[in-house]
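Hi,

Here is the structure I promised to send over.

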Amino acid sequence: MQRILQQELESLSKRLLERGQMLGTAESCTGGGVAHACTELAGSSQWFAGGVVTYSNALKQKLLGVPLATLEKEGAVSELTAIAMARGALPLLNVDYALAITGIAGPGGGSPQKPVGTVCFAWSGSDSLQYSECCLFTGDRREIREQSVIHALSKLNEIL
């Protein structure tokens, strides 16, 4: 896992540095795991601006502008919530790209419609880039969070 994460980070950092662009994060279930991974790489301040952890719905609304109607209708774990989080992070963090993660890492909190391991992602860019998806990961809480971090960075590499 660590080797894959390192490869994704090195690729992403190179790409963002070449373009002179900055990344920011809006995280929920990963608790800042993407931000932590980014800052493990020396020199990351040249391409990583920072991130916010909005674990509560109230902070998703207040800091990122996630509409209450979206949270009530779709829930905190949904593509629409992830999209709103990423879009809200762009101006908040003043970055070129933002990625957002919201999900159910477990062990509790799942439902038949959204079982433990359901994680929704969104990637937004000031250049109108918009991509989102939900995935179902397996494993314990730590494994689901690790898979989520790697997936978020890997997919961003893929879509940039």
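**The sheet and what packs on it**

The sheet is open and has five strands, in the order β2-β1-β3-β4-β5, with mixed pairing. β2 (48–53) and β5 (130–136) are the edge strands, each with a single partner, so one side of each has no neighbour in the sheet. On average, neighbouring strands are turned by 15 degrees against each other, ignoring direction. Before you go further, please keep in mind that this is a predicted model.

Going through the pairings: β1 (residues 23–27) and β3 run parallel and are joined by five bridges. One to click on is T25, whose bridge partner in β3 is L99. α2 packs on this sheet, where it touches β1, β2 and β3, and its direction makes about 150 degrees with that of β1.

Next come the antiparallel pairs. β3 and β4 run antiparallel with seven bridges between them, and A100 has A122 as its bridge partner in β4. β4 and β5 are antiparallel too, joined by seven bridges; here V119 has C135 as its bridge partner in β5. The hairpin of β4 and β5 has four residues between the strands, and S128 in that hairpin takes a positive phi near 75 degrees.

**A closer look at β4**

How many of the residues of β4 are buried? Eight of its eight are, so to speak, under cover. In a regular strand the side chains alternate between the two faces of the sheet. In β4, T118, C120, A122 and S124 point one way, while V119, F121, W123 and G125 point the other way, and all are buried.

**The two helices**

α6 lies across β1, β3, β4 and β5, and runs at about 30 degrees to β4. Two packed helices are described by the angle between their axes and the distance between the axes. For α2 and α6, the axes come within 9 Å and cross at roughly 65 degrees. That makes α2 roughly perpendicular to α6. The crossing of α2 past α6 is right-handed. If you want to see which residues meet there, select G33, V34, A37 and C38 in α2, and V149, A152 and L153 in α6.

**The cores**

The largest nonpolar core has 30 residues, and L23, W47, L99 and L153 are those with the most contacts inside it. At least two residues of this core come from each of α1 (2–19), α2 (33–40), β3 (97–103), β4 (118–125) and α6 (141–159). α6 gives the most, with six residues.

Not counting residues up to four places away in sequence, L23 touches L12, L16, C38, W47, F48, A49, G50, V95, Y97, A98, L99 and L156. Apart from this core lies another one, of 20 residues, with L64, I83, A84 and A89 among them.

**One more residue**

Is T70 buried or exposed? T70 has a relative accessible area of 15%, and the cut-off for buried is under 20%, so T70 counts as buried. Leaving aside neighbours within four places in sequence, T70 is in contact with G75, L80 and T81.

Cheers

Terms used: Residues are numbered from 1 along each chain as its sequence is written. This is a predicted model: local features need pLDDT of at least 70, side-chain atom pairs count only at pLDDT 80 or more; totals for chains, interfaces and linings use all residues. Side-chain values use heavy atoms; hydrogens and water are left out. A nonpolar core is a set of buried Ala, Val, Leu, Ile, Met, Phe, Trp, Tyr and Cys residues joined through side-chain atoms within 4.5 Å. Buried means under 20% relative accessible area, exposed over 50%, partly exposed in between (1.4 Å probe, protein chains only). Contact means heavy atoms within 4.5 Å. Two strands pair if DSSP finds at least two bridges between them. Axes are lines fitted to C-alpha atoms, for helices over the stretch in contact, and angles run from 0 to 180 degrees between N-to-C directions. Angles under 35 degrees count as roughly parallel, over 145 as roughly antiparallel, 65 to 115 as roughly perpendicular and the rest as oblique. A crossing is left-handed if the near helix is turned anticlockwise from the far one by less than a right angle, and right-handed if clockwise.
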